[in-house]
Amino acid sequence: MSLTLAYAADFPAIASTVFILPAGTTELPVTAAADLSEAARQYVAAQLAADEKLVVVNQYSHQHYYIVAEEKKTSALGLEALRKAGHKLHARLKADKVEELFVCNLTPAGASLALAEGIALTAYQFAGYKTDEKSKQAPTLQRLTLVGPDLSEQKVAELAGVLQGVYLARDLVNKPYSHLNASQLAQQFEKAGEEAGFEVEVLDLVRIEALRMGGLLAVNQGSPEPPTFTIMEYKPAGATNAKPIVLVGKGVVFDTGGLSLKPTPNSMDMMKCDMGGAAVVVGVLTALAKNKVPLHVIGLVPATDNRPGGPALAPGDVITMYSGLSVEVLNTDAEGRLILADALAFAKKYNPELVMDYATLTGSAARAIGIEGIVYMGTADEDVMADLKKAGNTTHERLVEFPLWDEYADHIKSPIADMTNLGKAEAGAISAGKFLERYAEGYPWVHFDIAGPAFLTTPDSYRGKGGTGTAVRLTYEYLKGRA
């Protein structure tokens, strides 16, 4: 992460500073106007009276920025408004070539963290593969220093740890298949484990075959590259959970649809993002380990690409899964659930307290609620589902619960196997969840379909364009509360 976050007890007299003012402010507090001339104060007061939310004063040697907090229905929505204000402010900081910004909060606690989060998430840039000198130049803004009695060095460091997890998830989703096949993805997991402090074990093709992971092997049949199955484990001393929490991520590094070939453009051409669930898992583990959250958490990622080559899986084939159940494959583009099912069945060996899986699984979920939220469903109790929804509201990675009523099992009935991998045209996100439910037995389970917000084709405030790292902040917030 090129942008450094720091904490200070106070800000220097001559420094570029942003002051967060309470909603409805019409006059500057003394703290925010110490070195302003009378003319500058009158200018700011006039702007505030005109209901401007961002006011800038050029002091020549430095800048003063004033952001007015907004009155919202909930405190969570107020913090989200500050994240978006951070996004807008970043554009001005970039134009003003500010290298270090001090953030001073004159409102209730938490505002400076939200503003800094919006700035930092906006500041993210994928390194990419351009070779010109301009593209290689580091961004001007290098440091955010947060000031105020409502803060501490620990709180600022925690935000930095979470942002590192989001940045990592975004980087992985943005990498093309030419630079991130299944083996290279596993290598990225190993690197992340070394840097953050969690253990990583990678199972190769021989071990996957020995385990008879029929779903992962079937999807991999048409690929020239071998699959991997990665086990990541963060087990700190003093973990508060006796049984581990397991996170499972879909790791389809590129999805052509297999023999059920996807159309392009606006479909196959974006399918480097189909490992967004895997990116969430390693992003969350990175944030937990960086911040030394006392929870035992295991991450499982089955990874492969989905191609139509050679002996590729064909519609109508019947395969036997790791769990022993048989599946009639009606569509090879419904492959994510096949590899997730093997991982969910494998998770049972850990006797987990809770299992949560993440996947860019269905267009149905994206069509239902768009890029604005995440579809979730599961067998965990109501308290878990409510706590997850609360964490989603806090981070503005909002959740919409879909049902798993018994009747939906009829959508995946097969005349020749235990089930099919494809439901009806209606309720496609739910029938995919119902498929996974058959393999998530013996433990509480929640499924997150992040197909809508995981990868954006046009910029959206601080989420940017491309990989968003959606669900990293949500999951970290939930697990931190659970710890």
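This is a predicted model: local features need pLDDT of at least 70, side-chain atom pairs count only at pLDDT 80 or more; totals for chains, interfaces and linings use all residues.
Two strands count as paired when DSSP finds at least two bridges between them. Strand S3 (residues 54-58) and S4 are joined by five bridges in the antiparallel sense. Leu54 has Ile67 as its bridge partner in S4.

Strand S4 also pairs with strand S2 (residues 17-21), again over five bridges, but here the two strands run parallel. Within this pairing, Phe19 has Tyr66 of S4 as its bridge partner. Strand S4 itself (residues 63-68) is mostly covered, with six of its six residues buried. Gln63, Tyr65 and Ile67 point one way from the strand, while His64, Tyr66 and Val68 point the other way. The residues on both of these sides are buried.

Helix H3 (residues 111-123) has 13 residues, which at 1.5 Å a residue should span 18 Å. Like S4, helix H3 is mostly covered: 12 of its 13 residues are buried. Among them are Ala111, Ser112, Leu115, Glu117, Ile119 and Thr122.

Further along the chain comes another sheet. Strands pair through backbone hydrogen bonds, in either a parallel or an antiparallel sense. Here, three strands form an open sheet in the order S12-S13-S17, with mixed pairing. Strand S12 (318-320) and strand S17 (419-420) stand at the edges of this sheet, and each has a single partner strand, so one side of each is left without a neighbour in the sheet. Strand S12 and strand S13 (residues 326-328) run antiparallel and are joined by three bridges. Val318 stands opposite Glu328 in S13.

Which residues form one aromatic cluster with Tyr322? The cluster consists of Phe229, Tyr322, Phe346 and Tyr350. In the model as a whole, the count of aromatic pairs comes to 12. One of these is the pair of Tyr322 and Phe346, which is tilted, with 5.8 Å from centre to centre and 55 degrees between the planes. This pair links distant parts of the chain, as Tyr322 lies in the loop between S12 and S13 and Phe346 lies in helix H10, 24 residues apart. Tyr322 has a relative accessibility of 26% and therefore counts as partly exposed. Phe346, at 4% relative accessibility, counts as buried.

Trp405 is exposed, with a relative accessible area of 54%, whereas Tyr408 counts as buried at 15% relative accessibility.

The empty spaces in the model come next. Rolling a probe the size of a water molecule over the atoms shows where empty space is left. The second largest pocket has a volume of about 780 Å³. Its lining is made up of 35 residues, and Leu361, Thr362, Gly363, Ser364 and Ala451 lie nearest its centre. At least two lining residues are supplied by each of helix H10 (336-347), helix H11 (363-369), helix H13 (428-437) and strand S19 (455-460). Helix H11 provides the largest share of this lining, with four residues. By class, the lining of this pocket has 12 nonpolar, 14 polar and nine charged residues.

The structure also holds one cavity of 30 Å³ or more. The largest cavity has a volume of about 40 Å³. The residues lining this cavity are Ala169, Val173, Gly276, Ala279, Val280, Ala454, Thr468, Gly469 and Thr470. Helix H5 (153-174) and helix H9 (276-290) each supply at least two residues of the cavity lining, and H9 gives the most, with three residues. By class, the lining of the largest cavity has five nonpolar, four polar and no charged residues.

Technical notes
Residues are numbered from 1 along each chain as its sequence is written. Side-chain values use heavy atoms; hydrogens and water are left out. On a 1 Å grid over the protein atoms alone, a cavity is a set of points where a 1.4 Å probe fits but cannot get out, and a pocket is an open set with protein on both sides within 12 Å along at least five of seven lines; lining residues have an atom within 4 Å of a point. Grid points are joined across faces, edges and corners, and a volume is the space filled by probe spheres set on the points. Ala, Val, Leu, Ile, Met, Phe, Trp, Tyr, Cys and Pro count as nonpolar, Asp, Glu, Lys and Arg as charged, and the others, Gly among them, as polar. The expected span of a helix is 1.5 Å times one less than its number of residues. Buried means under 20% relative accessible area, exposed over 50%, partly exposed in between (1.4 Å probe, protein chains only). Rings of Phe, Tyr and Trp (its six-membered ring) pair if their centres lie within 6.5 Å; planes under 30 degrees apart count as stacked, over 60 as edge-to-face and the rest as tilted.
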